[in-house]
Amino acid sequence: MQLTRLIQTSFFPNGLGFSTGSDDCKAILWDIRALAELTSFADDSIHNGITSLAHSISGHYLFAAYDDNSVRVWDTLTATSLHQFNVHHGKVSCIGVSADGAALCTGSWDYNLKVRRFLLKKKKKSPTLIFL
């Protein structure tokens, strides 16, 4: 359960769940059918609140933007942070995934919009997200 101000919500691609992000630096994936928390995405090294969320088309990844100008990529199956990048010089205020699922767009208080394309490289154990 999130105990601070709720900032952002994003529906899971299949419509059966949604994620929330808040000032407590944590994102949570909720199941609508069970009305319960499935998992949370947090790390002791994160000290800034979430400003925006977006799910990948498959739902395997959750993209979260933070007050510290960073974006993290979370694995929704393992709740682990896979990648972090800092491409802005101001707070990232919005984030979105393209309709084909191949690009991530971020908008910031630095007056810039950045688009990052990525590939999903399939491995035997787990998929890998590669940013171009």
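The sulfur of Cys 105 lies 6.7 Å from the closest cysteine sulfur, that of Cys 94, which is too far for a bond. A disulfide would require the two sulfur atoms to be within 2.5 Å. The model examined here is predicted. A search of the whole structure gives zero disulfides. Cys 105 is partly exposed, at 26% relative accessible area. Cys 25, in contrast, is buried, with a relative accessible area of 13%.

Strand E7 was examined next. E7 spans residues 71-75. Five of its five residues are buried, so E7 is largely enclosed by the rest of the structure. Both faces of the strand are covered. On one side lie Val 71, Val 73 and Asp 75, and on the other Arg 72 and Trp 74. Each of these residues is buried.

E6 and E7 run antiparallel and are joined by five bridges. Within this pairing, Phe 63 has Val 73 of E7 as its bridge partner. The two strands form a hairpin with four residues between them. Asn 69, in the turn, has a positive phi of about 80°. E7 and E8 also pair in the antiparallel sense, over five bridges. Here Val 73 stands opposite His 83 in E8. This second pair is likewise a hairpin, with four residues between the strands. Ala 79, in its turn, has a positive phi of about 60°.

Charged side chains were then considered. The count comes to two salt bridges. One of them joins Lys 91 and Asp 67, with the closest N and O atoms 3.7 Å apart. Lys 91 lies in the loop between strand E8 (80-85) and strand E9 (92-97), and Asp 67 in the loop between strand E6 (61-66) and strand E7 (71-75), so the pair ties together parts that are 24 residues apart in sequence. Lys 91 is partly exposed, at 24% relative accessibility. Asp 67 is also partly exposed, at 29%.

In the other salt bridge, the side chains of Arg 33 and Asp 31 meet at 3.3 Å, N to O. Arg 33 is exposed, at 61% relative accessibility. Asp 31 is buried, with a relative accessible area of 12%.

A further charged side chain sits over a ring. Arg 116 lies over the face of Phe 85, at 4.5 Å from the ring centre.

Phe 11, Phe 18 and Trp 30 form one aromatic cluster.

Ser 10 belongs to strand E1, residues 6-11. Its relative accessibility is 13%, and Ser 10 therefore counts as buried.

Methods:
Residues are numbered from 1 along each chain as its sequence is written. This is a predicted model: local features need pLDDT of at least 70, side-chain atom pairs count only at pLDDT 80 or more; totals for chains, interfaces and linings use all residues. Side-chain values use heavy atoms; hydrogens and water are left out. Buried means under 20% relative accessible area, exposed over 50%, partly exposed in between (1.4 Å probe, protein chains only). Rings of Phe, Tyr and Trp (its six-membered ring) pair if their centres lie within 6.5 Å; planes under 30 degrees apart count as stacked, over 60 as edge-to-face and the rest as tilted. A charge sits over a ring if NZ of Lys or CZ of Arg is within 6 Å of the ring centre and within 35 degrees of the ring normal. A salt bridge is a side-chain nitrogen of Lys or Arg within 4 Å of a carboxyl oxygen of Asp or Glu. Two strands pair if DSSP finds at least two bridges between them.
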